[in-house]
Amino acid sequence: MVDSSARSKFIEDELRQVKTKVSTLQDAELVSCVPQQVRIDVQRTKSKRMSICMQFPSEYPDQLIIVELKSRTLPQRFLDATLKAVDANKEQFLRARQQAVAVARFICEYLDSNPLCVCAEEISDLRKEANVDADKGEFLKIKQKQSLVHLRAQEGAYFVEAKMTMDAQYPETYASTSVETNMPAVFQRFLTAQAKEVARRCVQPPLLRRKKGEKPVPVANFEPRPSLLPVGKFILQTARRYPTELCAICRVVCFPPDPSALTEDMEGDDFVERVYCGHIFHHRCIDKYMKTPPFKGGKKCPQCADIIFHDKWRASDQIREERWAHEQAKQRELDEVEDFLS
Ligand SMILES: [Zn+2]
Ligand SMILES: [Zn+2]
């Protein structure tokens, strides 16, 4: 079709077809429909928005329609990938002759079949951050259909696997994470709870109390942030940190090299205790430390000097002093008995 008047007539026909058929595209709005440009805006969710701008080339319809994608919310790398996919399927559009609606429909379907498109940058950053070592059994898998990112980190004989799922409203909603690990159960619980907390903080404003006694209110001007990368980083750091970390008191690695040697007995000598600051201890080491003076001002972590908070050792300074005095008195009595007998 080299004849320019035939081209113009073809385009006029197609523009009429675009006006009637655009309503068959979900969440799409026809913004302009003139021979110079067809523009269709698509808004699936708050974060999945784009403008599809199309222009008819000089040899249209024997040439592929010229497409440009604009979006303030979707990553450029996803827009580039979409255009590549359009180009890869160009035969199908050339056969269709009237290409505008066919191309727009293809782009909408591509958007829907790639729910993780909103995380493209985050996934790329997480890949760099993770720098997975496949020889150790580590991986970072992307499952578009399930909108899932599956991460496995390994340190020595210990692994942590996290499945992070993003729903349709992501990043306004947070990544929900399930964790599997062969670390002790308390670490599994910590990883699960803290992954949720890290994610929640990305989307929910912190509360602020202006005056004492007043009800706390959410801080103003809070913008939700994507949570996949922060959660992924947290999982990686934790998975790689603890298996080699030393007891904050005796400076011996807490995790046995063989996970089958781990004890789940909460009062067992080798049970691994993790305190609020994040440092870890053998149960026997911290138990002795918490029951030994000085108590004034609270017992501090020998590693970072933060006060140690732990459910197992909740006694106040005064109670600790009294217990200590009592233990000492008992010991003196025993010593005296021994002296007397010897
Ligand atoms: Zn120790
Ligand atoms: Zn500490």
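Leaving out neighbours within four places in sequence, Ile52 contacts Arg39, Ile40, Val42, Val67, Leu69, Ala104 and Ile107. Contact here means that C-beta atoms, placed from the backbone, lie within 7 Å. This is a predicted model: local features need pLDDT of at least 70, side-chain atom pairs count only at pLDDT 80 or more, and totals for chains, interfaces and linings use all residues. Residues are numbered from 1 along each chain as its sequence is written, while chains are lettered from A and ligands numbered from 1 in the order in which they are written.

**Core**
- The largest nonpolar core has 62 residues.
- Such a core is a set of buried Ala, Val, Leu, Ile, Met, Phe, Trp, Tyr and Cys residues joined through C-beta atoms within 7 Å.
- Buried means that 20 or more other C-beta atoms lie within 10 Å of a residue's own.
- Ile52, Val103, Ala104, Val160, Ala175, Leu228 and Ile235 touch the most other core members.

**Domains**
- An automatic or database assignment sets the domain bounds.
- The assignment gives domain 1 (4-113) and domain 2 (119-206 + 222-244).
- Their centres, taken over C-alpha atoms, are 36 Å apart.
- Seven residues from domain 1 and seven residues from domain 2 make the contact.

**Helix α1**
- Helices are DSSP runs (H or I, at least four residues), numbered from the N terminus.
- Helix α1 covers residues 4-21, and one of its 18 residues is buried.

Technical notes. Contact = placed C-beta atoms within 7 Å. Buried ≥ 20, exposed ≤ 12 C-beta atoms within 10 Å, placed from the backbone. Helix = DSSP H or I, 4+ residues; strand = E, 2+ residues; numbered from the N terminus.
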